[in-house]
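Here is a short briefing on one protein model. Please look over the sequence and the coordinates before reading on.

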Amino acid sequence: MSSERTELVEEVLLRSRELSTETVMFHTAISETRGLSAVESKVLDYLARFGAQTPKDLARLSGLAPASVTAMIDRLERKGIVNREPHPDDRRKILIALDLQSIASAVHLWDHLVKGMYELCDRYTDDELRTVIGFVRAATALTHESTVKLTGPTNE
């Protein structure tokens, strides 16, 4: 690898690390504003993106132990942020769903970031945005894979 290429890759890694840290700090601030832990906030994001999930699905998505997920669901339900609903196809299962009124009351916390991200995207061409999307998608998959390696059942 050329020295310029090495420097560019190292710069991408550094900037990705910085973005990760700032993202965690932002989500921590959002969580604290709402009386949630950062993990609770991110599990809510899984529900927002993927819809209602079983506790087992939430454990799989998050890499958390099933007992931890159950305790977290109990806390979120007491806070009025999620509801337990019967599974439409299997009455032995339950689905965890977002309480839409609770979520709607917090949407304004994202206004500054979302507006800024739209403005940031305006600086790039469609092709450049496709490149960014590809990179972020691949980096997300790699990060998830790394989490599974650390938290999966084969890790002892």
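The points below run from the overall fold to single residues.

This is a predicted model, in which local features need pLDDT of at least 70, side-chain atom pairs count only at pLDDT 80 or more, and totals for chains, interfaces and linings use all residues. Residues are numbered from 1 along each chain as its sequence is written, and side-chain values use heavy atoms, with hydrogens and water left out.

**Overall fold**

- The protein has 7 helices and 2 strands. Helices (H or I, at least four residues) and strands (E, at least two) are DSSP runs, numbered from the N terminus.
- Along the sequence the pattern is α-α-α-α-β-β-α-α-α.
- Taken along the principal axes, the C-alpha atoms fill a box of roughly 60 × 40 × 30 Å.
- The protein has 156 residues, and 21% of them count as buried. Buried means under 20% relative accessible area, exposed over 50%, and partly exposed in between (1.4 Å probe, protein chains only).
- Among contacts with a separation of 6 or more, 44% join residues 24 or more positions apart. Contact means heavy atoms within 4.5 Å.

**Helix α1 and its end**

- Helix α1 covers residues 3-34, which makes 32 residues. The expected span of a helix is 1.5 Å times one less than its number of residues. That gives 46 Å for α1, and its end C-alpha atoms are 46 Å apart, so the two agree.
- H27, I30 and S31 are buried in α1. The buried residues of this helix pack against α2 (38-50).
- H27 lies in α1. Its relative accessibility is 11%, so H27 counts as buried. Beyond its neighbours within four places in sequence, H27 is in contact with K42 and W110.
- E18 is also part of α1. E18 counts as partly exposed because its relative accessibility is 37%. E18 and S31 are 13 residues apart in sequence, and their C-alpha atoms are 20 Å apart in space.
- G35 follows α1 and has a positive phi, near 75°.

**The loop residue L36**

- L36 sits in the loop between α1 and α2. It counts as buried because its relative accessibility is 8%.
- Leaving aside neighbours within four places in sequence, L36 touches S31, L44, L76, K79 and I81.
- L36 and S68 are 32 residues apart along the chain, with 15 Å between their C-alpha atoms.

**Packing of α3 and α4**

- Two packed helices are described by the angle between their axes and the distance between the axes.
- Helix α3 (residues 55-62) and helix α4 (residues 66-78) pack at about 115°, with axes 9 Å apart. Axes are lines fitted to C-alpha atoms, for helices over the stretch in contact, and angles run from 0 to 180 degrees between N-to-C directions.
- The crossing of α3 and α4 is right-handed. A crossing is left-handed if the near helix is turned anticlockwise from the far one by less than a right angle, and right-handed if clockwise.
- P55, L58, A59 and S62 of α3 meet P66, V69 and I73 of α4. These contact residues divide into 6 nonpolar, 1 polar and no charged. Ala, Val, Leu, Ile, Met, Phe, Trp, Tyr, Cys and Pro count as nonpolar, Asp, Glu, Lys and Arg as charged, and the others, Gly among them, as polar.

**Nonpolar core**

- The largest nonpolar core has 16 residues. Such a core is a set of buried Ala, Val, Leu, Ile, Met, Phe, Trp, Tyr and Cys residues joined through side-chain atoms within 4.5 Å.
- L44, L47, L58, L76, I81, V82 and I96 touch the most other members. At least two residues of this core come from each of α2, α3, α4 and β2 (94-98).
- Not counting residues up to four places away in sequence, I81 touches R34, L36, L44, L76, A97, L98, D99, S102 and I103.

- S102 is in helix α5 (residues 100-104). S102 counts as buried because its relative accessibility is 13%. Its contacts, not counting residues up to four places away in sequence, are R34, G80 and I81.
- H112 is in helix α6 (residues 111-121). H112 has a relative accessible area of 72%, so it is exposed. H112 and E10 are 102 residues apart in sequence, and 30 Å apart from C-alpha to C-alpha.
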